[in-house]
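Please read them with the structure open beside you.

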Amino acid sequence: MKRKQKKNILRYRRQFHINIGVIVFAFVLVYFLIYFFNYMTSSHVSIYEVQKGQIMKTSYYTGLILRSETVTYAEETGKINYYSKEGDKAGYNDLVCSIDREGSVSDEITAAGLDGTTLTKDELLEVQELVTDFTSNYSATQFYNVYSFSQNLNASVQENLYLAALEQLSGETLTSFSLIRAQTDGILAFYTDGYENVTPDTFSPDMYQASEYQKNNLKFNTSVSSGQALYKTVTDEDWYMMIPLDEDEAALYQAEMEEDEDTFTILVTFQKDQAQAYATASIRSYDSGYFLELKFNSSMVRYISERYMEVELGSNDESGLKIPNSSITQKEFLLIPEDYISQGGSTTDKGVLKVTSDKQGNESVEFVSTTVYATDEDGYCYIDEDDLALGDTLQMTDSSDRYVIRETGELSGVYNMNKGYAVFKLIDVITSNEEYTIVNTGTSYGLSLYDRIALDGDSISEGEFAN
């Protein structure tokens with residue numbers, strides 16, 4: 001029987017190989033974990049890119065219109081026909097209307113006014129031009145203009161038909177028929193409302209009754225009595241608007257006036273047609289409140305039919321750099337008298353002479369460069385706190401006078417993030433509303449177009465890095 005031989009098995013010792021992929025992955029994982037931790041535990045800065053823009057600051061009011069209006073009254077009783085429309089310019093002795101004491105002639109003229117087939121080619125072209133002008137300027141947002149257009153179109157057609165009928169009767173003997181002609185030059189209006197004799201000087205707050213206003217349309221009358229109003233003539237291109245104000249609004253508009261002035265200029269947008277005009281404005285004070293008086297010297301005929309009208313005041317179309325209000329914050333600066341600012345030796349840098357002392361109490365003076373961000377009306381400069389602090393002593397150049405820094409002041413600005421960290425920039429505000437502010441360009445230590453600023457100015461501080 002053979003004996004089995006015992007085999008000796010030797011283990012092969014493997015060499016250790018470094019897997020570079022595992023090491024790279026580990027480094028990336030550690031970096032990611034560190035970055036993720038910092039991201040989750042640090043504050044995040046939202047960025048806004050500065051753009052050009054404008055905002056509109058407006059206030060809406062209903063104003064009472066006052067004009068120089070002269071009413072012409074009937075001297076006899078009878079049926080009436082009109083030959084002019086509202087807003088027409090009448091010269092002296094121009095035909096305005098007629099009164100028929102018996103009524104038969106008036107009936108013939110009225111009947112002729114219902115027959116549009118008698119219009120001449122030129123009169124039809126005039127109607128066509130009115131329709132074309134209206135349709136080319138029509139806006140669905142101003143649908144109410146359709147009613148005004150309808151009235152003007154009807155009045156124009158009726159005016160032509162009535163005049164044609166009157167010419168056919170001109171050869172007849174009309175003993176009971178009187179033609180009423182304009183006695184002064186002016187713009188015609190065919191309504192009365194009791195405000196004809198009111199001027200800004202005779203106006204009183206109780207006359208403002210916008211919610212109760214009614215007017216008497218004279219063209220609705222088919223007959224008149226002696227002493228009854230026929231029409232009125234506006235003889236002056238200057239006209240006025242009275243707008244009620246509360247105390248705060250009056251103070252706001254009062255601030256618009258220059259020193260030693262009692263008027264200012266304001267842009268007015270008329271809500272009826274969005275037309276704009278500049279007015280000379282002043283504040284009138286009464287026992288019961290305040291009124292803003294607006295004086296216009298154009299566009300009177302455009303609104304001849306209106307007594308109360310909605311307007312928009314103070315449209316501000318100034319443009320600049322547009323920034324969100326949330327970006328605006330305040331930064332504290334040291335206040336130093338302007339006399340202590342000097343230039344340093346061979347450099348053009350501005351700075352101050354700071355008094356220091358060593359351990360033995362020996363004093364010396366050193367020049368410290370500073371940035372003067374602004375200077376107020378009292379002659380104090382706003383200095384950054386980087387190289388100076390409250391309690392530092394300054395010495396005036398070429399003088400023994402000294403000043404100890406004790407005061408601070410705040411300036412408005414935003415934090416610029418162009419370099420990845422916060423740098424305070426001043427702003428010069430033009431105007432603002434609830435959401436945005438328009439600031440000037442070219443301000444010293446200010447913003448430029450396309451600068452990147454912190455969206456929330458109060459959540460970041462000088463030098464802080466953005467994540």
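Predicted model: local features only at pLDDT ≥ 70, side-chain atom pairs only at ≥ 80, totals over all residues.

The points below go through the sheets, the cores, the surface and the charged pairs in turn.

1. The four-stranded sheet. Four strands make up an open sheet, and their order is β8-β7-β5-β12 with antiparallel pairing. The edge positions belong to β8 (177–181) and β12 (223–224); each has a single partner strand, so one side of each has no neighbour in the sheet. The pairing of β7 (residues 95–100) with β8 is antiparallel and runs over five bridges.

2. Strand β13. Is strand β13 (residues 229–234) enclosed or open? Six of its six residues are buried, so the strand is largely enclosed by the rest of the structure. Two pairings of β13 can be followed here. Strand β4 (residues 69–73) pairs with β13 in the antiparallel sense over five bridges, and within this pairing threonine 72 has tyrosine 231 as its bridge partner. Strand β9 (residues 186–189) also runs antiparallel to β13, joined to it by three bridges. There, isoleucine 187 is opposite valine 234.

3. A reminder on strands. In a regular strand, side chains alternate between the two faces of the sheet.

4. The nonpolar cores. The largest nonpolar core contains 31 residues, and Met241, Phe270, Leu294 and Leu313 have the most contacts inside it. Elements that give two or more residues to this core include β3 (59–66), β14 (239–245), α5 (247–254) and β18 (308–313). Apart from this core lies another, of 17 residues, including Val71, Ile80, Tyr82 and Leu230.

5. Methionine 241. What does methionine 241 touch, leaving aside residues up to four places away in sequence? Its contacts include Gly63, Leu64 and Ile65, as well as Phe270, Leu294, Met309 and Val311. Glu293 is also among the residues that methionine 241 touches, and this glutamate returns in point 9.

6. Ile20, Ile23, Val24, Phe27 and Val28 make a nonpolar surface patch of about 500 Å². Valine 28 is placed in helix α1 (residues 20–41).

7. Side chains of opposite charge can pair when their charged atoms come close. The structure holds 15 salt bridges. One of them joins arginine 302 and aspartate 273, at 2.7 Å from N to O. Arginine 302 is in the loop between β17 and β18 and aspartate 273 is in the loop between β15 and β16, so the pair ties together parts 29 residues apart in sequence. Arginine 302 is partly exposed, at 49% relative accessible area, and aspartate 273 is partly exposed at 21%.

8. Glutamate 293 and arginine 284 meet in a salt bridge at 2.3 Å from N to O. Glutamate 293 is buried, with a relative accessible area of 10%, whereas arginine 284 counts as partly exposed at 24%. Salt bridges with shared partners also join Arg67, Glu69, Asp193, Glu196, Lys232 and Arg307 into one network. Within it, the closest N and O atoms of arginine 67 and glutamate 69 are 2.8 Å apart. Why do arginine 67 and glutamate 69 count as buried? Buried means under 20% relative accessible area. Arginine 67 has 5% relative accessibility, so it counts as buried, and glutamate 69, at 7%, does too.

Key
Residues numbered from 1 in each chain as written. Heavy atoms only, no water. Pairing = 2+ DSSP bridges. Patch = residues over 30% accessible without salt bridge, like charges linked within 9 Å, V, L, I, M, F, W, Y side chains within 5 Å. Areas by Shrake-Rupley, 256 points an atom, 1.4 Å probe, with all protein chains shown as cover. Salt bridge = Lys/Arg side-chain N within 4 Å of Asp/Glu carboxyl O. Buried < 20%, exposed > 50% of the residue type's maximum accessible area, 1.4 Å probe, protein only. Core = buried A, V, L, I, M, F, W, Y, C linked by side-chain atoms within 4.5 Å. Contact = heavy atoms within 4.5 Å.
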